[in-house]
Amino acid sequence: MSTLLHIDASVHSAKNANPNHDSISKNIAKKFVNHLQQNNAIAEYIYRDVGMNPPSFINQSWVGAVFTPANKLTLEQKEVLAESDELINELVKADTIVISTPMYNYGMPAQLKAWFDQIVRINKTFDFDLQRGDFPLQPLLTGKRLLVITSTGEFGFEAGGIRESMSHLVPHIKTLSKYLGAEHIDEIACEYQEFNDQRHQRSLTNAYAKAEQLALRYAN
Ligand SMILES: Cc1cc2nc3c(=O)[nH]c(=O)nc-3n(C[C@H](O)[C@H](O)[C@H](O)COP(=O)(O)O)c2cc1C
């Protein structure tokens, strides 16, 4: 039984009056989570739709507060950090993380970046020591598995693909995943949405099939 943190990042809802507007990434994630729930594999389910309810952007007060020792924080600084504390607590509790996200302008939506900015925090999810030489940052969380579900209008963002050099979504999430404590990463990618052709249909079918397969694996 797992504690699952599910982050959706599309600005579109999963279901809309016009189904052409339904979020692909959210629906694939929903399929995965539904399967886990049907297999009674989720002990606690924590859900955030950051596309619809974006976390606050960090600012100068936030940076000032995170570099203030915990016992010196003013009441005002504690308030500045309250949202970050809550998001980090959700992350710490989880052993499994699902992030579903569209590609916007070749990277992650600003709303998802805002979530990462709130949780990648000194002495909470990483610590810093110049004694470590050229890589002074060290992640503090461990032992989690991460499923990244993406939807893109174009295609060929994988290693060796025709748009590999424009691929700033999954590589960015993978770079940050160590601060989530992710030690195992799975990916589901749905491509070709803007082409609306057979390739898109195939990609969608494969993505849903992979969501089912992975749910079986994650349930055991
Ligand atoms: C603002 C915006 C920017 C986008 N930028 C890209 C892009 O850079 N590359 C791409 O392949 N698709 C891009 N798309 C297409 C989306 O990635 C595609 O529609 C995807 O299915 C959206 O995910 P969702 O269906 O879960 O909302 C963009 C769409 C929007 C609305």
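Analyst: Along the sequence, the elements follow the order β-α-β-α-α-β-α-β-β-β-α-β-α, which comes to six helices and seven strands. Here helices (H or I, at least four residues) and strands (E, at least two) are DSSP runs, numbered from the N terminus. Please keep in mind that this is a predicted model: local features need pLDDT of at least 70, side-chain atom pairs count only at pLDDT 80 or more, and totals for chains, interfaces and linings use all residues. Residues are numbered from 1 along each chain as its sequence is written.

Now to the packing itself. Helix H3 (residues 75-93) meets helix H4 (residues 110-119) at an angle of about 90°, and their axes are 8 Å apart. Axes are lines fitted to C-alpha atoms, for helices over the stretch in contact, with angles from 0 to 180 degrees between N-to-C directions. H3 and H4 are therefore roughly perpendicular to each other (65 to 115 degrees; under 35 is roughly parallel, over 145 roughly antiparallel, the rest oblique).

On the H3 side, the contact uses Glu 83, Ser 84, Leu 87, Ile 88 and Leu 91, while H4 brings Trp 115, Gln 118 and Ile 119; contact means C-beta atoms, placed from the backbone, within 7 Å. By class, five of these residues are nonpolar, two polar and one charged (Ala, Val, Leu, Ile, Met, Phe, Trp, Tyr, Cys and Pro are nonpolar, Asp, Glu, Lys and Arg charged, the others, Gly among them, polar).

As for the whole chain, its C-alpha atoms fill a box of roughly 60 × 40 × 35 Å along the principal axes.

How values were computed: Contact = placed C-beta atoms within 7 Å.
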